[in-house]
Amino acid sequence: MLGILVIATALTALIVLAYRGMSLLLLAPAIAVLAVLFAEGGPLLGSYTQVFMQATGGFIIRYFPLFLLGAVFGKLMESSGSARVLADGIIRSLGPQRAVLAVVLSCAVMTYGGVSLFVVAFAVWPIAAALFREANLPKVLIPATIALGAFTFTMTALPGTPAIQNAIPMPYFGTTPFAAPGLGILTGVMMLALGWAWLEYRAKALGPGYGAQDDTVATQAQRNTPSLFVAATPLVLVLVLNIIFTFIVIPWLDTDYLADPAFGATDIGALRGIWSIIAALTLACLVLVAMNWGRLAQNLGRTLDQGAQDSLQPIFNTASLVGFGAVIASLGAFGLIRDWVVTVGGDNPLISLAVGTSLLAGMTGSASGGMSIALATLGDTYLQMGNAAGIAPDLLHRVTAVATGGLDALPHNGAVITLLTICGLTHREAYKDIAVVAVVIPVAALCVLVALGTIFGSF
């Protein structure tokens, strides 16, 4: 019981101190080592260098290309003006009478195309503010509207999304980004429909009136902006190329050499999904630069450098959470927690997988961090349980991805804090609606996904 109490205290401390703004690069290893000390009095340096750093480094080795290319792609979209053009085009085409839906769809298009949700928030906020003011809608709903489009269905549910949350399960289950496409689409539509309905209801309940008029929003069009076609082409390419590489190009390649220990003694099943996203993002970046050469050439080097720099903090923060999870998992008391989690749901491993992943995502305030901890410690167990129960790995993949996208958006989540800062609002003013669209509704959608998967299997 002492060990379980130490684990609970360590997770609570991580949440509270991260909420207060302390760096995860310092918090995660410090709290992990303290947990070892108080739980078992074990080897502190050994736990740090041989457990924490090994897990942290392993995550960086496996996923750094995805973080790097995603950040560079997002920065190129921002610097070329493509992100702003896309947001403005979608919002203006639907008009102020559909302001909420316009903002949601503009965020969804960009995040589904591979643009970082942080870039999306910065790009959409000025236009959303102008549109909400024009439509006389409450400003306090803007953060939840952006969160619905950027933090929910395009991040975890829709098949083919290049989000890291959709990539992490692939090597564990041998799946692709398009795992369980039918169930993913149904789950995503449920999140979108219910979230939109809630925001429209809240807009009517709050009544007309934008609110504070003291924010300055730059809504003027950027000079020499690309056309809507040029802005949208790279996003479409990410999805199309992802499909082509996943199902045509990579299966056609001779990859028998991967069995050689020099290449990790693996097979293409564990790498196909990651390779597909790397190839798709790389080619999309090249096309984006070529189509916007006149807009990017002068500062291309600076843009690429900034994109590369932007990838470092997210991956190191997430990797630190993975290292923290590895240390916690090495404690004897964690075995009791693991044994309890796998029994949740009885003979249905989907319930156990959903509960365990959701709890870890909530504890860490990170969808990718919580997922990585869950799969690093229980991935093989769930795969074996799924095989024994006749559950397709594709379904395990989709349940895992969707399960990370609910409790991760609790108040201490970094993206939530950043979004509120961008919008100039506080948790007290705007978090209630974020909680409904990014926590409550995704959790409800997860329950429906598990129920449908249990009854009909993967489709």
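Biologist: Which residues in H4 meet residues in H12?

Modeller: This is a predicted model. On the H12 side, the residues that take part are Leu228, Ala231, Ala232 and Leu235.

Biologist: Are H4 and H12 roughly parallel, antiparallel or perpendicular?

Modeller: H4 covers residues 82–94 and H12 covers residues 228–252, and their axes lie 9 Å apart. The helices pack at an angle of about 105°. Angles of 65 to 115 degrees count as roughly perpendicular, so H4 is to H12 roughly perpendicular.

Biologist: How do the residues of the contact of H4 with H12 divide into nonpolar, polar and charged?

Modeller: The division is six nonpolar, one polar and no charged.

Biologist: How is H18 oriented to H19, antiparallel or parallel?

Modeller: The axes of H18 and H19 (residues 393–403) come within 11 Å and cross at roughly 150°. An angle over 145 degrees counts as roughly antiparallel, so the orientation of H18 to H19 is roughly antiparallel.

Biologist: Is the crossing of H18 and H19 left-handed or right-handed, and which residues of H19 make the contact?

Modeller: H18 passes H19 in a crossing that is right-handed. From H18, the contact uses Met371, Leu375, Tyr382, Leu383 and Gly386. The residues of this contact comprise seven nonpolar, two polar and no charged. The H19 side is made by Pro393, Leu396, Thr400 and Ala401.

Biologist: Which residues of H21 does H19 meet?

Modeller: H21 spans residues 427–456, and its axis comes within 10 Å of that of H19, crossing at roughly 170°. That makes H19 roughly antiparallel to H21. The contact of H19 with H21 has seven nonpolar residues, one polar and one charged. From H19 come Leu395, Arg398, Val399, Val402 and Ala403, and in H21 they meet Leu446, Leu449, Val450 and Gly453.

Biologist: Which residues lie closest to the centre of the second largest pocket?

Modeller: The second largest pocket holds about 280 Å³ of space. It is lined by 17 residues, and the closest to its centre are Leu11, Phe334, Ile337, Leu360 and Met363.

Biologist: How many residues of the lining of the second largest pocket are charged?

Modeller: Helices H1, H15, H16, H17 and H18 each supply at least two residues of this lining. The lining includes 15 nonpolar residues and two polar ones; the number of charged residues is none.

Terms used. Residues numbered from 1 in each chain as written. Predicted model: local features only at pLDDT ≥ 70, side-chain atom pairs only at ≥ 80, totals over all residues. Heavy atoms only, no water. 1 Å grid on protein atoms, 1.4 Å probe; cavity = no way out; pocket = protein on both sides within 12 Å on 5 of 7 lines; lining within 4 Å. Points joined across faces, edges and corners; volume = space filled by probe spheres on them. Helix = DSSP H or I, 4+ residues; strand = E, 2+ residues; numbered from the N terminus. Nonpolar A, V, L, I, M, F, W, Y, C, P; charged D, E, K, R; others polar. Axes fitted to C-alpha atoms, helices over the stretch in contact; angles between N-to-C directions. Parallel < 35°, antiparallel > 145°, perpendicular 65-115°, else oblique. Left-handed = near helix turned anticlockwise from the far one by under 90°. Contact = heavy atoms within 4.5 Å.
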